[in-house]
Amino acid sequence: MTSYDFIVVGAGTAGSVVAARLSEDPDTRVLLLEAGPAQGPEAVSVPAAWPTLAGSEVDWGYATAPQPGLADAALPYARGKMLGGSSSINGMLFTRADRSSYDDWAADGAPGWGYEDLLPYFRRSEAADGRDPRYRGTDGPMTPRRATNVHPVARALLQAFGELGYPLVEDLSGADRVGASRTEINAVDGVRQSVADGYLRPVLERPNLTVVTEARVHSLTASGMRCTGVAYSRDDELHTAGAAGEVILCAGVIGSPHLLQLSGIGPADVLRPHGIDVVVDLPGVGDNLADHPLGSVVYTPAKPMPAGVNNHGDVFAVLRTDPGLIAPDVQILFIDVPYVRPITSVPAEGFTIAFSALRPHSRGSVMLASSDPEAAPVIDPGLLSDERDVRTMLSGLHLARAIGGAQALAEWRKEEVQPGPTVRTEAQERDYLRRTTGTYNHPVGTCRLGVDERAVTDLELRVRGIDGLRVADASVMPSIPGANTNATVLAIAERAAAMVRGETGATVS
């Protein structure tokens with residue numbers, strides 16, 4: 001056994017941050033384990049090629065359980081499997097949620113995790129040039145930039161938002177949190193910047209940082225009620241590594257609860273039928289899975305569409321479907337290609353106005369399917385299982401159609417082909433949503449932080465009931481924020497590293 005001060009499991013967004021920050025101390029020995037390869041295919045670097053990465057060799061290849069809310073469809077569930085994790089295969093849209101998303105965490109049982117508590121760590125993660133420094137960082141590793149060479153249909157769409165009376169804003173991660181804007185993306189000079197590119201690759205030569213790729217962690221090791229390390233396989237050989245300080249799980253919303261369950265930490269009634277000895281009976285492990293549903297309205301073009309040069313989504317908006325709401329509840333996203341759930345036919349050329357319920361109520365789970373660590377768990381996001389989400393998605397559909405029908409898009413719009421002119425009644429619209437809504441691939445929540453009995457981690461991200469073990473990734477979010485999740489994961493990981501290092505102000509009293 002080789003011993004380290006800290007072992008970080010998973011080199012995705014969170015793991016790249018945590019390992020890079022902890023290894024800044026030259027006297028601290030850090031081991032970072034990643035199941036995927038160090039590098040991916042060339043398409044990883046090309047912003048416009050991101051749709052080709054789902055199902056590739058750098059995707060875990062998961063699928064959901066059949067979703068009753070989506071006509072019993074089982075959906076592909078893309079999660080990145082290489083250095084940088086999902087930040088290496090996602091659509092690169094970089095944005096924060098409305099502050100109420102985070103303040104709700106503090107109000108609902110996670111005091112100390114509100115917007116103002118997280119703001120220093122949002123800022124620490126980024127260098128957002130030309131933005132308001134009260135809200136945005138100026139010298140962090142990630143360098144989000146607004147899309148340039150904006151697609152002409154996207155420019156027309158911005159005009160359409162204005163035509164319908166919605167505000168056009170400069171920065172939806174700054175002071176303004178409602179309106180339409182050009183997107184910020186994680187791409188530098190036309191090349192994707194994954195979190196591994198921003199944080200990890202510049203420091204790989206540190207002598208106190210050991211990064212092992214293609215290493216599948218099978219279980220955590222323990223002595224009494226303290227986590228002491230991990231067991232993992234690489235090149236068909238079993239290895240063990242010890243942690244004198246802590247093991248920090250950054251394996252993601254699927255991987256972190258799965259590894260806890262394989263190691264006997266989880267709901268006893270799930271573990272025992274698989275012959276797993278219960279170390280800590282934590283019924284919340286794997287529970288509380290939430291995700292954003294994504295729907296689409298697709299148009300054929302009235303004239304040839306130029307190819308997009310960015311990430312296919314140069315404009316987006318966060319809007320209220322009801323003026324009485326305190327926070328935006330729907331995201332509208334322009335996509336410069338036809339995009340809808342794969343079971344639905346789409347034209348060869350066209351554009352999409354996608355919509356998503358930002359604060360869904362539906363919940364699901366990630367639960368053990370087998371004691372074999374190579375077997376995928378049962379992933380059930382429960383999409384559209386709550387009627388409130390169906391109603392929000394109906395409002396989103398109406399809003400997307402209204403924007404798509406605006407005069408500003410007349411020169412580009414030929415006809416709506418999905419849902420199409422025959423879908424007009426609420427019953428038809430509901431049927432369309434059931435058949436075509438997919439996942440936005442923003443899972444959160446399966447190792448929720450909090451103070452109640454079903455919380456998996458405490459307010460400093462330590463796993464309840466066992467020492468020497470934390471979780472620091474999207475799985476600790478108590479509820480899903482009203483935005484794409486990558487920027488929020490960065491802030492959580494930055495704060496987790498600060499907590500481990502004992503930085504003033506990082507801990508929650």
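Predicted model: local features only at pLDDT ≥ 70, side-chain atom pairs only at ≥ 80, totals over all residues.
**Exercise 1.** Work out how helix H1 (residues 13-22) packs against helix H10 (residues 486-501), and which residues make the contact.

*Solution.* 
- Start with the geometry: the axes of H1 and H10 lie 8 Å apart, at an angle of about 30°.
- Angles under 35 degrees count as roughly parallel, so H1 is roughly parallel to H10.
- Next, the handedness: the crossing of H1 past H10 is right-handed.
- Now list who touches whom. H1 brings in Thr 13, Ala 14, Val 17, Val 18, Arg 21 and Leu 22.
- Finally, sort the H1–H10 contact by class: nine residues are nonpolar, two polar and three charged.

**Exercise 2.** Take strand E18 (residues 330-335): find out how many of its residues are buried, and which strands it is bridged to.

*Solution.* 
- Go through burial first. Six of the six residues of E18 are buried, so the strand is largely enclosed by the rest of the structure.
- Look at strand E17 (residues 315-319) next: four bridges tie it to E18, and the two run antiparallel. Here Val 330 of E18 sits opposite Leu 319.
- Move on to strand E19 (residues 351-357), which E18 meets through six bridges, again running antiparallel. For Gln 331, the bridge partner in E19 is Ser 356.

Terms used. Residues numbered from 1 in each chain as written. Heavy atoms only, no water. Axes fitted to C-alpha atoms, helices over the stretch in contact; angles between N-to-C directions. Parallel < 35°, antiparallel > 145°, perpendicular 65-115°, else oblique. Left-handed = near helix turned anticlockwise from the far one by under 90°. Contact = heavy atoms within 4.5 Å. Nonpolar A, V, L, I, M, F, W, Y, C, P; charged D, E, K, R; others polar. Buried < 20%, exposed > 50% of the residue type's maximum accessible area, 1.4 Å probe, protein only. Pairing = 2+ DSSP bridges.
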